[in-house]
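Dear colleague,

Please find the structure below, together with its sequence. My notes on it follow directly after.

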Amino acid sequence: MREGVGLAVLGGLDVPVSARLSPVLADALAGLDAARLDVAYVRSAAFRANVVQANRAAEIAESDGKLMLIARALARCALLHPSPTPDRFQALRIVENLSAREMDALGEVFDLLDPIEPFADALPVRGSVPLGWSRLEFEGALAGLAGLGLLTREDRPDGLGTPERVWMLTPLARGVATLCGLWGGA
């Protein structure tokens, strides 16, 4: 075994992970329901590709928060998911490309939307800005999320029937949010 590589045990298999990812992945795995483990997927080449992708992302993660997000997404890739099943590889690719600011903004978006069904809700483009953010910072991060395919801008009628520009979560955002634990069951 190469130096700097650890092993995480998942579904009876040793999964090679980087030394940086290993401790946070162990924490993420500890919180999972073993009865929901997708054993066939964990034993597949597709899962091994997810591990390689997560290791690469972990090595360049710019914050501990991003590292925890990567670990949580990889751990949740190993679970069985109800329909619509997230595209695990695509979602991990998006997580890998999220900046720390975009990651924080995505969490803020879920805090601002309807907690029961955030995908039916919308954020006004010129709406409120979360505490600690300037309007330009938040709008820039939302534009970055749109560039990654997680948000789209649409015209919707407001309460008076007047068209209003809003941010809407995309179907891809559902998969990313599910794997990252921002939305859906654990």
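Predicted model: local features only at pLDDT ≥ 70, side-chain atom pairs only at ≥ 80, totals over all residues.

Arg88 belongs to helix α5, which covers residues 88-97; helices here are DSSP runs (H or I, at least four residues), just as strands are E runs of at least two, and both are numbered from the N terminus. Residues are numbered from 1 along each chain as its sequence is written, and side-chain values rest on heavy atoms, with hydrogens and water left out.

Arg88 has a relative accessible area of 10% and is therefore buried (buried means under 20% relative accessible area, exposed over 50%, and partly exposed in between, with a 1.4 Å probe and protein chains only). Apart from its neighbours within four places in sequence, Arg88 is in contact with Asp38, Tyr41, Asn50, Cys77, Leu79, His81 and Leu179, where contact means heavy atoms within 4.5 Å. With Tyr41 there is a further relation: the charged end of Arg88 sits over the Tyr41 ring, 3.8 Å from its centre. The criterion is that NZ of Lys or CZ of Arg lies within 6 Å of the ring centre and within 35 degrees of the ring normal. The charged end of Arg174 likewise sits over a ring, that of Phe119, at 4.2 Å from the centre.

A pair of aromatic rings is described by the distance of the centres and the angle of the planes. Rings of Phe, Tyr and Trp (its six-membered ring) pair if their centres lie within 6.5 Å; planes under 30 degrees apart count as stacked, over 60 as edge-to-face and the rest as tilted. By this rule there are 3 aromatic pairs. One of them is Tyr41 with Phe47, an edge-to-face pair with 5.8 Å centre to centre and 70 degrees between the planes. Tyr41 counts as buried because its relative accessibility is 12%, and Phe47 is buried at 2%. Trp133 and Phe138 also form an edge-to-face pair, at 5.4 Å centre to centre and 70 degrees between the planes. Trp133 is buried at 16%, and Phe138 is buried at 4%.

Axes are lines fitted to C-alpha atoms, for helices over the stretch in contact, and angles run from 0 to 180 degrees between N-to-C directions. The axes of helix α3 (residues 45-60) and helix α4 (residues 64-77) come within 10 Å and cross at roughly 175 degrees. This makes α3 roughly antiparallel to α4; angles under 35 degrees count as roughly parallel, over 145 as roughly antiparallel, 65 to 115 as roughly perpendicular and the rest as oblique. On the α3 side, Phe47, Asn50, Val51, Ala54, Ala57 and Ala58 meet Leu67, Ile70, Leu74 and Cys77 of α4. By class, this contact of α3 with α4 holds 9 nonpolar, 1 polar and no charged residues (Ala, Val, Leu, Ile, Met, Phe, Trp, Tyr, Cys and Pro count as nonpolar, Asp, Glu, Lys and Arg as charged, and the others, Gly among them, as polar).

Helix α6 (residues 100-112) and helix α7 (residues 135-147) pack with their axes 9 Å apart, at an angle of about 95 degrees. They are therefore roughly perpendicular to each other. Among the residues making the contact are Arg101, Glu102 and Leu106 of α6, and Glu137, Phe138 and Leu142 of α7. The contact of α6 with α7 divides into 8 nonpolar, 1 polar and 4 charged residues.

Several further residues may be of use to you. Gln53 lies in helix α3 and is buried, with a relative accessible area of 2%. Leaving aside neighbours within four places in sequence, Gln53 is in contact with Phe89, Leu92, Arg93 and Glu96. Val95, in helix α5, is buried at 1% relative accessibility. Beyond four places in sequence, Val95 is in contact with Lys66, Leu69, Ile70, Ala73, Val176 and Cys180. Met103, in helix α6, is buried at 14% and touches Ser63, Gly65, Lys66, Leu69 and Leu98, not counting residues up to four places away.

Finally, a cis peptide bond joins Ser83 and Pro84, with omega about 0 degrees. Pro84 is placed in the loop between α4 and α5.

With kind regards
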